[in-house]
Amino acid sequence: MTTQLPTVDRAVAETGDAPSRHPLRSLRTWLMPVALIVGVAAALPAIYLSATSDPSGTVSGLPVGLVVESPAAAGSPAATLADAITSAVDESVALTRMTPQELEVAMHEDRVAGAVVIPADFDASLATLLPGADRVTVPTVRIETNAGDGGLSSGLVISSLTPVLHGVAATVGGELTDTAGPALPAANAALLSAPFHVATAPYEPLPSHSGLGTSAFYFALALVLIAFIGASLIGPIVDGALGFIPAELGPLVARSRYTHVSRRRTFVVKAGILTAAAPPAALVVQLVAAGSGVAVDAPFSLWLFATAAIAAIGTSALAVFALLGPGIGALVNTLFFVALAMVSSGGIVPLEATPPFFRAVSAFAPFRFVIDGTRSLFYFDGAPAAGLGGAWIGIIVIGAIGIAGGLVATTAYDRVRTFSRAPRPQL
């Protein structure tokens with residue numbers, strides 16, 4: 001009687017080779033994903049924590065204006081105070097003297113994070129602290145913050161300047177006390193020990209439902225995530241329709257007949273689908289935001305910008321997938337378009353308060369341009385000089401690089417027969 005050998009045993013009997021190890025028990029199957037996950041576990045906290053753990057300690061060159069509201073003659077108390085403030089600030093603050101009109105323009109164009117304002121009545125009020133005045137008026141020096149830059153930026157401005165002003169106040173008060181001489185009454189000496197108050201307030205309050213200056217950040221984050229997730233979804237859907245991979249929905253598995261399409265054409269179709277989805281997706285984001293009370297004065301401009309941002313970043317993400325494949329491509333896209341770009345955007349932590357590496361990355365990080373554009377449209381009337389102009393340029397460049405990079409990579413791969421996407425029969 002002849003015994004029917006199992007399929008594997010028959011192959012072994014015919015070839016003499018030992019059966020191969022099951023793929024799910026292969027070391028390669030386990031080692032690569034474990035190594036990648038551990039790498040991500042190291043990269044993400046390294047990116048997020050190193051960029052944001054100590055903004056007060058890393059802040060450098062925070063742009064701040066110094067305004068004397070009325071022209072002050074050399075040697076006057078207001079001029080002396082301005083000189084003392086200029087000398088007292090350290091490298092954490094980049095101080096620029098401005099007129100009130102120049103400060104208004106700088107705030108509107110988001111060129112300063114805040115300002116120190118010496119009031120027009122400073123000299124007259126200070127004189128009332130000396131003997132002989134009928135009424136005492138202690139002057140108030142104001143720290144005015146740019147609320148559109150977010151709460152952390154305002155906090156850094158206040159924390160950097162308040163100690164400086166208190167220290168200068170003690171110095172100015174001591175000089176006035178010495179000038180008055182030993183006959184200075186005790187009451188006036190007490191007043192001169194703190195010759196002015198320090199008050200803090202935003203230069204202009206934010207509109208309602210602004211999330212203390214974070215609504216633009218989260219709106220921009222939604223756009224970037226839509227682009228990234230959209231690219232991640234389009235890839236397997238199109239590849240499944242071509243029969244390159246099976247399409248799965250829960251327990252359902254569909255295997256289409258393989259249709260040969262070049263890598264280049266596949267990339268163009270994927271980019272076309274994402275670009276077609278960008279306008280309605282941008283509109284939905286805007287409508288949901290408006291339903292939450294977050295709205296802007298130029299909704300059409302915001303819709304155009306949001307559409308361009310989704311299309312440009314999504315196309316660039318598709319180019320990375322085309323170049324590196326879905327596995328490593330997803331990792332690179334996550335690190336570059338989300339993790340690294342987020343902390344280099346200036347959306348929450350001002351760029352001046354991040355380490356130098358992240359400031360360098362911000363020059364080409366896509367998220368930074370999306371933040372600049374949405375922040376300008378949300379808080380600065382969509383002024384091109386407040387970041388919208390540069391944001392449009394950055395988004396256009398990113399989109400062009402994505403399209404060109406995807407076309408170049410897929411065209412090059414199509415010319416190498418070894419890189420064909422056609423399924424190979426298993427031997």
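In this predicted model, Ser154 touches Thr145, Asn146 and Ala147, when residues up to four places away in sequence are not counted. Ser154 belongs to helix 7, which covers residues 151-180. Its relative accessible area is 11%, under the 20% limit, and Ser154 is therefore buried.

**Further residues in helices**

- Gly402 is placed in helix 15, which covers residues 388-414.
- The relative accessibility of Gly402 is 3%, so this glycine counts as buried.
- Leaving out residues up to four places away in sequence, Gly402 is in contact with Phe267, Thr315, Ser316 and Ala319.
- Gly402 and Arg135 stand 267 residues apart along the chain, and their C-alpha atoms are separated by 69 Å.
- His108 is found in helix 5, formed by residues 100-108.
- With a relative accessible area of 36%, which lies between the limits of 20% and 50%, His108 is classed as partly exposed.
- Not counting residues up to four places away in sequence, His108 touches Phe380, Asp381, Ala383 and Ala386.
- From His108 to Pro71 the separation is 37 residues in sequence and 23 Å in space, C-alpha to C-alpha.

**Loop residues with positive phi**

- Asp381, one of the residues touched by His108, lies in the loop between helix 14 (366-379) and helix 15.
- Asp381 is not a glycine, yet its phi is positive, at about 60°.
- The relative accessible area of Asp381 is 58%, over the 50% limit, so Asp381 is exposed.
- His209 likewise is not a glycine and has a positive phi, of about 55°.
- The loop that holds His209 runs between strand 5 (197-202) and helix 9.

**Packing of helix 9 with helix 10**

- Helix 9 (residues 215-241) packs against helix 10 (residues 263-291) at an angle of about 145°, and the two axes are 9 Å apart.
- This crossing of helix 9 and helix 10 is right-handed.
- On the side of helix 9, the contact is made by Phe219, Leu223, Ile226, Ala227, Gly230, Ala231, Ile234, Gly235, Val238 and Asp239.
- On the side of helix 10, the contact is made by Thr266, Lys270, Ile273, Leu274, Ala281, Val285, Gln286 and Ala289.
- By class, the residues in the contact of helix 9 with helix 10 comprise 12 nonpolar, four polar and two charged.

**Packing of helix 11 with helix 12**

- Helix 11 (residues 299-324) and helix 12 (residues 326-343) pack with their axes 7 Å apart and at an angle of about 140°.
- The crossing of helix 11 and helix 12 is right-handed.
- Helix 11 contributes Ile313, Ser316, Ala317, Val320, Phe321 and Leu324 to this contact.
- These residues meet Pro326, Ile328, Gly329, Ala330, Val332, Asn333 and Phe337 in helix 12.
- The contact of helix 11 with helix 12 has 10 nonpolar and three polar residues, and no charged ones.
- Ser316 of helix 11 is also among the residues that Gly402 touches.

**Aromatic pairs**

- The count of aromatic pairs, for ring centres within 6.5 Å, comes to 11.
- The ring centres of Phe217 and Tyr218 are 5.0 Å apart and the ring planes stand at 80°, over the 60 degrees required, so this pair is edge-to-face.
- Phe217 and Tyr218 form one aromatic cluster together with Phe367.
- Phe217 counts as buried because its relative accessibility is 6%, under the 20% limit.

**The chain as a whole**

- The protein contains 15 helices and seven strands.
- The radius of gyration of the protein is 31 Å, whereas a compact globule of 427 residues would have a value near 22 Å.
- The C-alpha trace spans about 130 × 45 × 35 Å along its principal axes.
- Of the 427 residues, 40% count as buried.
- Among contacts with a separation of 6 or more, 74% are accounted for by residues 24 or more positions apart.

Note on methods
Residues are numbered from 1 along each chain as its sequence is written. This is a predicted model: local features need pLDDT of at least 70, side-chain atom pairs count only at pLDDT 80 or more; totals for chains, interfaces and linings use all residues. Side-chain values use heavy atoms; hydrogens and water are left out. Axes are lines fitted to C-alpha atoms, for helices over the stretch in contact, and angles run from 0 to 180 degrees between N-to-C directions. Helices (H or I, at least four residues) and strands (E, at least two) are DSSP runs, numbered from the N terminus. A crossing is left-handed if the near helix is turned anticlockwise from the far one by less than a right angle, and right-handed if clockwise. Contact means heavy atoms within 4.5 Å. Ala, Val, Leu, Ile, Met, Phe, Trp, Tyr, Cys and Pro count as nonpolar, Asp, Glu, Lys and Arg as charged, and the others, Gly among them, as polar. Rings of Phe, Tyr and Trp (its six-membered ring) pair if their centres lie within 6.5 Å; planes under 30 degrees apart count as stacked, over 60 as edge-to-face and the rest as tilted. Buried means under 20% relative accessible area, exposed over 50%, partly exposed in between (1.4 Å probe, protein chains only). The radius of gyration is taken over C-alpha atoms; the globule rule is 2.2 Å times the number of residues to the power 0.38.
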